[in-house]
Structures are given as C-alpha cells and as structure tokens.
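Thanks for coming. I'll take a few minutes on one structure, starting with its surface and ending with its core.

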Amino acid sequence: MKTDPRVRRGRIIAGLLYLFIAAVALWVPFYNRVEPSLFGIPFFYWFQTVWILAAAAATGIAYRLGV
C-alpha cells in the first residue's frame, strides 16, 4: 500500500517537531540559569512555563501534519 507523498512529508515534519521539542527539553544547560529574569522570575522558571505552551502548540501542529 503506497502512501500519499504529502502525508509522508507531513509525518517527517511532525517527527522533526517532536524531536525538536524533546531536544530542547532535555538540553538542560540551555535553560539552567537565573538571568535574564522576567518580572523578578528567574529564567529557568519562566522558560519552563513558556516551553509548555510552545510544546503544546508544536504538538498540535505535528498532530495535524501527521494525520
């Protein structure tokens, strides 16, 4: 059974998005710091919060591309 090339390309892009999400989350030296702070909140904490939203958006995009 052959798959449509557009579906295959979408699955590859979705896989790359998932890989990017995991790589940033696992690369701790990237966000293991205090500065720059945002409204007095250290970078580590506000980056984690922003990354949850960004990862959710990327997961939604990957889901739509991979289906």
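The areas I will quote are accessible areas from the Shrake-Rupley method, run with a 1.4 Å probe. What you see is a predicted model. By that method the protein exposes about 5,400 Å². Of that area, 71% is supplied by carbon and sulfur atoms.

Next, the fold. The protein has two helices and zero strands. Its radius of gyration is 16 Å, whereas the globule rule gives 11 Å for 67 residues, so the protein is more spread out than a compact globule. Along the principal axes, the C-alpha atoms fill a box of roughly 55 × 20 × 10 Å.

How much of the protein is buried? Of the 67 residues, 16% count as such, with the cut-off set at under 20% relative accessible area.

Now the contacts. Taking those with a separation of 6 or more, 49% are between residues 24 or more positions apart.

In soluble globular proteins, nonpolar side chains tend to be buried together. Here the largest nonpolar core is made of eight residues: Ile21, Val24, Tyr31, Phe43, Phe47, Trp51, Ala55 and Ala58. Two elements give two or more residues to this core: helix H1, residues 5–26, and helix H2, residues 43–66. Which of them gives the most? H2 does, with five residues.

Leaving aside residues up to four places away in sequence, Val24 touches Tyr31, Phe47 and Trp51.

Note on methods. Residues numbered from 1 in each chain as written. Predicted model: local features only at pLDDT ≥ 70, side-chain atom pairs only at ≥ 80, totals over all residues. Heavy atoms only, no water. Helix = DSSP H or I, 4+ residues; strand = E, 2+ residues; numbered from the N terminus. Rg over C-alpha atoms; globule rule 2.2 N^0.38 Å. Buried < 20%, exposed > 50% of the residue type's maximum accessible area, 1.4 Å probe, protein only. Contact = heavy atoms within 4.5 Å. Core = buried A, V, L, I, M, F, W, Y, C linked by side-chain atoms within 4.5 Å.
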